[in-house]
Amino acid sequence: SIVLPLRVASSGMAALFAFAASLQLNDGSDAAIWLLAYSVAAAIAAAGANDRVSVPLAAAATALYSTCFLALSPFLFGCHPRVFNEWQMRHPDDELAREAMGLLLCAAWCGVLLRQGLLRPPAPKA
């Protein structure tokens, strides 16, 4: 069973990821990809809030988000600090740096829920 503070935190993360997904609705040509990415993270976090995390799904999501983060992480190196301080994007790479951080958050939270799911004692057999 997931402890109450983690369930509350997972509710907050579900709301954050749902908000991130909603921001993608006015994005450009790649909106569907990011909408899906943040929606899946929101669904996994919501499952965590309800103590219903699927360990295989959390493992797959953690691996996929981590891999995608690593692919976009070069955009974080050398990016101007304003990328995270301003709403406006001044360069095409600004979006990729921000999305890399979003993927890192998704990977981290799915990893937290995966760890918690792996620590859960097995269900008694009927």
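Modeller: Contact here means heavy atoms within 4.5 Å, and the structure we are discussing is a predicted model.

Biologist: Is Leu-114 buried or exposed?

Modeller: The relative accessibility of Leu-114 is 15%. Since buried means under 20% relative accessible area, Leu-114 counts as buried.

Biologist: How many helices and how many strands does the chain have?

Modeller: Read along the sequence, the chain follows the pattern α-α-α-α. The secondary structure therefore comes, by the rule for DSSP runs, to 4 helices and 0 strands.

Biologist: How are α3 and α4 oriented to each other, roughly parallel or roughly antiparallel?

Modeller: Helix α3 covers residues 55–72 and helix α4 covers residues 92–119, and their axes come within 8 Å and cross at roughly 155 degrees. The crossing of α3 and α4 is left-handed. Angles over 145 degrees count as roughly antiparallel, and α3 and α4 are therefore roughly antiparallel.

Biologist: How many nonpolar, polar and charged residues does the contact of α3 with α4 have?

Modeller: The axes of these two helices, α3 and α4, come within 8 Å. Among the residues that make the contact are Ala-58, Ala-59 and Tyr-65 of α3, with Leu-103, Cys-110 and Leu-114 of α4 also included. Sorted by class, the contact of α3 with α4 comes to 17 nonpolar, 4 polar and 1 charged residues.

Biologist: How are α1 and α2 oriented to each other, roughly parallel or roughly antiparallel?

Modeller: Helix α1, residues 4–23, packs with α2 at an angle of about 160 degrees, the axes being 8 Å apart. With angles over 145 degrees counted in this class, α1 and α2 are roughly antiparallel.

Biologist: How many nonpolar, polar and charged residues does the contact of α1 with α2 have?

Modeller: Residues of α1 including Met-13, Phe-17 and Ala-21 meet residues of α2 including Leu-35, Tyr-38 and Ala-45. By class, the contact of α1 with α2 divides into 13 nonpolar, 4 polar and 1 charged residues.

Biologist: How are α2 and α4 oriented to each other, roughly parallel or roughly antiparallel?

Modeller: The axes of α2 and α4 come within 10 Å and cross at roughly 25 degrees, and α2 passes α4 in a left-handed crossing. The contact includes Trp-34 and Ile-44 of α2 as well as Trp-109 and Leu-113 of α4. Angles under 35 degrees count as roughly parallel, and α2 and α4 are therefore roughly parallel.

Biologist: Which residue forms a salt bridge with Arg-120?

Modeller: The count comes to 1 salt bridge, and in that pair the closest N and O atoms are 3.2 Å apart, where the cut-off is 4 Å. The pair links distant parts of the chain, 69 residues apart, with Arg-120 in the segment after α4 and its partner in the loop between α2 and α3. The partner of Arg-120 is Asp-51.

Biologist: What is the phi of Asp-51?

Modeller: Asp-51 lies in the loop between α2, residues 31–49, and α3. Most residues other than glycine have a negative phi. Asp-51 is not a glycine, yet its phi is positive, at about 60 degrees.

Key: Residues are numbered from 1 along each chain as its sequence is written. This is a predicted model: local features need pLDDT of at least 70, side-chain atom pairs count only at pLDDT 80 or more; totals for chains, interfaces and linings use all residues. Side-chain values use heavy atoms; hydrogens and water are left out. Axes are lines fitted to C-alpha atoms, for helices over the stretch in contact, and angles run from 0 to 180 degrees between N-to-C directions. Angles under 35 degrees count as roughly parallel, over 145 as roughly antiparallel, 65 to 115 as roughly perpendicular and the rest as oblique. A crossing is left-handed if the near helix is turned anticlockwise from the far one by less than a right angle, and right-handed if clockwise. Ala, Val, Leu, Ile, Met, Phe, Trp, Tyr, Cys and Pro count as nonpolar, Asp, Glu, Lys and Arg as charged, and the others, Gly among them, as polar. A salt bridge is a side-chain nitrogen of Lys or Arg within 4 Å of a carboxyl oxygen of Asp or Glu. Buried means under 20% relative accessible area, exposed over 50%, partly exposed in between (1.4 Å probe, protein chains only).
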